[in-house]
Protein chains: 2
Amino acid sequence: MLRGDITAAIRRALMQELAAVGYGRLSIEAVARRAGVSKTAIYRRWGSKVELVLDIVAAAAHGKLPALDTGSLRGDLALLFQVVAHALRHPLASQIIPDLLAEAARNPAIDETLQKVLRARQQEIGGHMIELAVRRGELPADTDPEAAVDLIVGPLYWRLAIARNPLSDSYLETLVEAVAVGLGAGAAVPRPRRTAPADR
Amino acid sequence: MLRGDITAAIRRALMQELAAVGYGRLSIEAVARRAGVSKTAIYRRWGSKVELVLDIVAAAAHGKLPALDTGSLRGDLALLFQVVAHALRHPLASQIIPDLLAEAARNPAIDETLQKVLRARQQEIGGHMIELAVRRGELPADTDPEAAVDLIVGPLYWRLAIARNPLSDSYLETLVEAVAVGLGAGAAVPRPRRTAPADR
């Protein structure tokens, strides 16, 4: 195998092992066996199990979210909910992230990396979507982006990752409306208010 | 030790071990050592590690939530948020539940018990609080209690258990208002609408 191939094979094997047995029971030996490489090949690249796992998480976090700008806050919310619902079906979200969140309570290095990734994502979503909505005059100028992200991401995360109830299209429509109104957008008249300074 | 004392000691030791090492690495031997009992004493009561853990979760779920009826939806939300914020600081919520949620992805017995507990809690909160608010005329009669619970519990869970950002009083006030309005309560005029049939 070429160098890059070996690294990719190890990463793939790690994801599969993590999903199958969890961080606590994960052994470098099993990852090596699954990847078809020697333990030395792994230790040459990563010093320890923690480093290997953190590297994967950081790599996964580099995948950019699609830019959300459908022209309205409600449209942006609907699109984001679809992206989030899709992402929460990936094993990374349903098995590996919960495992690492649990581990983070015991391991400061994992905790720090996860928080960095989460904060960056929050920033990306909150900063961008809220800023657009404020500029369009849909949300008050003093909207707190961090609190907004809690309201935007929380309900769907709770439903899919914790309570694990199914989604329906009508549920998502109701949620879009509830979150938009909760954020401070006017009630559901499909005519956006234009009270912002005309900077566009 | 008396019989009941031994059971209590084992339960306590299990909670501490779970918080310290997580489900994956938990050994009955370590629990026995911490509880000061023999492994046999544990196996006499519970057949396996899974059974022991499930028993604890089920027992924790028997603790009743305080009945929430402050006279208004906003008051009930504010009180619930305080209860939830407090509960999420307990090791059971911050270390053990995330661990079991991760394990649930791999273990149907854990999955089923957790879901049963969560559903019961949802029912308790959603059914009760939403029903009261509907009766008071604060919420529309067709409010879906399950979707309502997502909106009520999701943002705070996301903030405290996942993003782990701190809370402030003003944050909680904003959240109460956002959730109330998002659920369909009228905007923040501190005079509740009375449009429900006079059944009280």
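1. Starting with the surface: chain A exposes about 9,900 Å², and carbon and sulfur atoms supply 56% of that. Keep in mind that this is a predicted model. Of the 200 residues in chain A, 47% count as buried.

2. If you take the contacts in chain A between residues at least 6 apart in sequence, 65% of them join residues at least 24 apart.

3. Now the interface. Chain A and chain B bury about 3,700 Å² between them, with 53% of it on carbon and sulfur atoms. Of the area that chain A buries against chain B, 19% is down to A:Arg106, A:Asp150 and A:Trp158, more than any other three residues supply. The contact takes 44 residues from chain A and 44 residues from chain B.

4. What holds charge against charge here? The rule finds 10 salt bridges across the interface of chain A and chain B, and 14 residue pairs are in polar contact between the two chains, both partners at pLDDT 80 or more. On the chain A side, α1 (3-21), α6 (91-104), α7 (108-135), α8 (145-163) and α9 (169-183) each supply at least two residues. The largest share, 13 residues, comes from α8(A). By class, that side of chain A has 25 nonpolar, nine polar and 10 charged residues.

5. One cross-chain pair to click on is A:Arg25 with B:Glu103, a salt bridge whose closest N and O atoms are 2.7 Å apart. Both belong to a network of salt bridges that also links A:Asp99 and B:Arg106. Over all chains, the structure holds 28 salt bridges.

6. Within chain A, A:Arg11 forms a salt bridge with A:Asp55, the closest N and O atoms being 2.8 Å apart. A:Arg11 sits in helix α1 and A:Asp55 in helix α4, so the pair ties together parts of chain A that are 44 residues apart in sequence. Buried or partly exposed? A:Arg11 is partly exposed at 31% relative accessibility, and A:Asp55 is partly exposed too, at 23%.

7. A:Glu17 is buried, with a relative accessible area of 10%, whereas A:Arg34 counts as partly exposed at 42%.

8. While you're at α2 of chain A (residues 28-35), its buried residues are A:Ile28, A:Ala30, A:Val31, A:Ala32 and A:Ala35. Just after α2(A), A:Gly36 takes a positive phi of about 70°.

9. Over in chain B, B:Asp76 forms a salt bridge with B:Arg136, with the closest N and O atoms 3.2 Å apart. B:Asp76 is in helix α5 (residues 73-87) and B:Arg136 in helix α7 (residues 108-136), so to the sequence they are distant parts, 60 residues apart. Both residues are buried.

10. Last, a loop glycine. A:Gly71 lies between α4 (49-62) and α5 (73-87) of chain A and is partly exposed, with a relative accessible area of 47%. Leaving out residues up to four places away in sequence, A:Gly71 touches A:Asp76 and A:Arg136. A:Gly71 and A:Ala133 are 62 residues apart in sequence, yet 8.8 Å apart in space, C-alpha to C-alpha.

Methods:
Residues numbered from 1 in each chain as written. Chains lettered and ligands numbered in written order. Predicted model: local features only at pLDDT ≥ 70, side-chain atom pairs only at ≥ 80, totals over all residues. Heavy atoms only, no water. Contact = heavy atoms within 4.5 Å. Buried area = accessible area lost by both parts, 1.4 Å probe. Salt bridge = Lys/Arg side-chain N within 4 Å of Asp/Glu carboxyl O. Polar contact = N/O pair within 3.5 Å; in protein donor to acceptor, adjacent residues only side chain to side chain. Helix = DSSP H or I, 4+ residues; strand = E, 2+ residues; numbered from the N terminus. Nonpolar A, V, L, I, M, F, W, Y, C, P; charged D, E, K, R; others polar. Buried < 20%, exposed > 50% of the residue type's maximum accessible area, 1.4 Å probe, protein only. Areas by Shrake-Rupley, 256 points an atom, 1.4 Å probe, with all protein chains shown as cover.
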